[in-house]
Amino acid sequence: MSENAISTTLTRYKFELLLISIALAAFVVVWPFGEYPILDDWAFVKSLEHLHYEGKLVVMEWNPMSLTGHLVWGLMFTKLLGFSFLSTKIAVFCAGLLLTLLVYWLATRHGAPPALAFLAAVALLLNPLLLVHIFMYMTDVTGLVWQWLSITCLS
């Protein structure tokens, strides 16, 4: 491996660690601990509760199309951490972190300099429209993650 390739790899890892650090700092600042729903996430948590305890997929009439992938994502965390509002918030926070890393990886894969890709990922992470959603169990963030995973696989 050449010296330039090693330098590029180290730079990439520094930016990825910095992205993770910024996301964790946002988590500490918001401090989303508490067993309470925010906005409509009670309905999604109710569907997750059925899936977690009964193994049944129960979808309410007005839930969005993206709920199934959202429930699968949430189920991984509730099985690992136990069923609670906090575990659902952690699940979506991790999805938001994955989304920002996917944006970074995809941008660098297509030729963006690591610093520019980092700025794009930070702009997404700290965007108030995303930041507010990564701390509640709504389908917005996981829906975006599934879309960006698809884009990443296709590129």
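Surface patches here are built from residues with over 30% relative accessible area and no salt bridge, joining like charges within 9 Å and nonpolar side chains (Val, Leu, Ile, Met, Phe, Trp, Tyr) within 5 Å. The areas come from the Shrake-Rupley method with a 1.4 Å probe, and for residues only the protein chains shown count as cover.

Before you start clicking: this is a predicted model, in which local features need pLDDT of at least 70 and side-chain atom pairs count only at pLDDT 80 or more, while totals for chains, interfaces and linings use all residues. Residues are numbered from 1 along each chain as its sequence is written, and side-chain values use heavy atoms, leaving out hydrogens and water.

**Stop 1: the patch.** Select Val28, Trp31 and Phe33, which make a nonpolar surface patch of about 320 Å². Phe33 sits in the loop between α1 and α2 (helices are DSSP runs of H or I, at least four residues; strands are runs of E, at least two; both are numbered from the N terminus). Phe33 is partly exposed because its relative accessibility is 35%, the classes being buried under 20%, exposed over 50% and partly exposed in between (1.4 Å probe, protein chains only).

Stop 2: Phe27 counts as buried, at 13% relative accessibility.

**Stop 3: the core.** Which residues have the most contacts inside the largest nonpolar core? Select Leu19, Tyr104, Ile134, Tyr137 and Val141, from a core of 36 residues. Such a core is a set of buried Ala, Val, Leu, Ile, Met, Phe, Trp, Tyr and Cys residues joined through side-chain atoms within 4.5 Å. Its largest share, 10 residues, comes from α4. Around Leu19, look for its contacts (heavy atoms within 4.5 Å), including Leu97, Leu101, Tyr104 and Phe118.

**Stop 4: helix α2.** Select Lys46 and Glu49, whose side chains meet in a salt bridge at 3.2 Å, N to O; the term needs a side-chain nitrogen of Lys or Arg within 4 Å of a carboxyl oxygen of Asp or Glu. Both residues lie in α2, three residues apart, about one turn of the helix. Finish with His52, also found in α2, and buried at 12% relative accessibility.

How values were computed: Lists of a residue's contacts leave out its neighbours within four places in sequence.
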